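Hi,

Here is the structure I promised to pass on.

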Amino acid sequence: MGAYGLPRNSRDIDIVTKLPRQERPSELTIHLRDEGFVEYKVQYTEDGLVRRYKKDDWLVDVFEAVPEVFNALKRNASIFTLKNKTIYVISIRDLIQMKKRRASSQDLVDIASLEWLKRQEINRK
């Protein structure tokens, strides 16, 4: 949400990665654990799994997507470079679809904001 200028004080970060091929932890998981984050929930979906990590008041949700889903999200993403690293930011359309699947009360508020932003972009063209 913040990447699109719609900040919230949710104190969480959502990350999408490709589902690892083997049962061993991904590099991201290892890094989060090294930084003191503790995995407290795993949710399986048809598109992969969501691992939730917590450290103090910070939450990190890591969606490990099956390759087909990951590649589709990556294809539609905006690409930025930060400190010689390529960063992919999920498209508004894909973010809306992900939030519709989860459909928490906060996701429904986010969807309304994202759809408003999408209409603003269309009107500017």
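Below is what turned up on the helix packing, the hairpin and the salt bridges. Keep in mind that this is a predicted model.

Helices first. α2 (residues 67-76) and α3 (residues 92-102) have axes that come within 9 Å and cross at roughly 140°. Angles over 145 degrees would count as roughly antiparallel, so this pair is oblique instead. On the α2 side the contact involves Ala72, Leu73 and Asn76, which meet Arg93, Asp94 and Met98 of α3. By type, that contact splits into 3 nonpolar, 1 polar and 2 charged residues.

Two of those α3 residues, Arg93 and Asp94, also form a salt bridge with each other, at 3.9 Å from N to O. Arg93 is partly exposed at 45% relative accessibility, while Asp94 is buried at 9%.

Now the strands. β2 (residues 38-45) and β3 (residues 48-55) pair antiparallel over 7 bridges, and they make a hairpin with 2 residues between them. Val38 has Lys54 as its bridge partner in β3.

Since Asp47 sits in the loop between β2 and β3 and Arg101 in α3, the pair ties together parts 54 residues apart in sequence. Asp47 is buried at 13% relative accessibility, whereas Arg101 is exposed at 56%.

There are 7 salt bridges in the structure. Another one joins Asp61 to Arg52 at 3.1 Å between the closest N and O atoms, and both residues are buried.

Cheers

Technical notes. Residues are numbered from 1 along each chain as its sequence is written. This is a predicted model: local features need pLDDT of at least 70, side-chain atom pairs count only at pLDDT 80 or more; totals for chains, interfaces and linings use all residues. Side-chain values use heavy atoms; hydrogens and water are left out. Axes are lines fitted to C-alpha atoms, for helices over the stretch in contact, and angles run from 0 to 180 degrees between N-to-C directions. Helices (H or I, at least four residues) and strands (E, at least two) are DSSP runs, numbered from the N terminus. Angles under 35 degrees count as roughly parallel, over 145 as roughly antiparallel, 65 to 115 as roughly perpendicular and the rest as oblique. Contact means heavy atoms within 4.5 Å. Ala, Val, Leu, Ile, Met, Phe, Trp, Tyr, Cys and Pro count as nonpolar, Asp, Glu, Lys and Arg as charged, and the others, Gly among them, as polar. Two strands pair if DSSP finds at least two bridges between them. A salt bridge is a side-chain nitrogen of Lys or Arg within 4 Å of a carboxyl oxygen of Asp or Glu. Buried means under 20% relative accessible area, exposed over 50%, partly exposed in between (1.4 Å probe, protein chains only).
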